[in-house]
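Please walk through this model with me, one piece at a time. Start with the sheet, then turn to the helices.

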Amino acid sequence: MRLIYSRSRTPFGLLVRAASWWGQWSHCGIVTGDGTVIHAHALRGVVEEPLPEFAKRYSLHALVDVSAPNDDIGIAWARERIGDGYDYGGIVRYISRKLSDHSPRRWSCAELVETALTAAGCVRWRCEPHEVTPHQSYIARAAL
């Protein structure tokens, strides 16, 4: 499955990076075979948009291929989440897992990516996907 990791200099991007101990990345998404990106956007929830439109909002980005047994299932799972809300509690959970509960119809970018990978048959974490930051998701790319 192809993933994209990015960062921006916006206050929200800086907040995500600070909450993850200044990890390199503040956002991530799933790149489809159609050239679109499915991701959880803080103001719009889970959306799908063309890759060039996604990339122009960020000061830095990297494309990463992660081996998953069934990419199509992971992408289909993510597409079913389009229209779901953004999980603002995700940033709070990056700081302390005890401060916020996960909502099943709200997604942060990293939990959307990691849950789609799990649906595709690639489990990379022992913890719940909603406990993973974008930077941790990126680091795990080399663990497989």
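β3 and β4 form a hairpin, with 3 residues between them. Helices (H or I, at least four residues) and strands (E, at least two) are DSSP runs, numbered from the N terminus. This is a predicted model, so local features need pLDDT of at least 70 and side-chain atom pairs count only at pLDDT 80 or more, while totals for chains, interfaces and linings use all residues. Residues are numbered from 1 along each chain as its sequence is written, and side-chain values use heavy atoms, with hydrogens and water left out.

Strand β3 (residues 36-41) pairs with β4 in the antiparallel sense over 6 bridges. Two strands pair if DSSP finds at least two bridges between them. His39 has Val47 in β4 as its bridge partner. For Ala40, the bridge partner in β4 is Val46.

Now widen the view. The open sheet has 5 strands in the order β4-β3-β2-β1-β5, with antiparallel pairing. β4 (45-50) and β5 (60-65) are the edge strands, each with a single partner, so one side of each has no neighbour in the sheet. On average, neighbouring strands are turned by 25° against each other, direction ignored.

Two helices pack on this sheet. α3 touches β2 (27-31), β3 and β4, and its direction makes about 50° with that of β3. α5 touches β1 (2-7), β2, β3 and β4, and its direction makes about 35° with that of β2. Contact means heavy atoms within 4.5 Å. Axes are lines fitted to C-alpha atoms, for helices over the stretch in contact, and angles run from 0 to 180 degrees between N-to-C directions.

How do the axes of α3 and α5 cross? The axes of α3 (residues 71-80) and α5 (residues 109-119) come within 7 Å and cross at roughly 135°. The two helices are therefore oblique to each other. Angles under 35 degrees count as roughly parallel, over 145 as roughly antiparallel, 65 to 115 as roughly perpendicular and the rest as oblique. Ile73, Gly74, Trp77 and Ala78 in α3 meet Leu112, Thr115, Ala116 and Ala119 in α5.

Finally, look at charge pairs. The count comes to 8 salt bridges (a side-chain nitrogen of Lys or Arg within 4 Å of a carboxyl oxygen of Asp or Glu). One of them joins Asp34 and Arg79, at 3.0 Å from N to O. This pair links distant parts of the chain: Asp34 lies in the loop between β2 and β3, Arg79 in helix α3, 45 residues apart.
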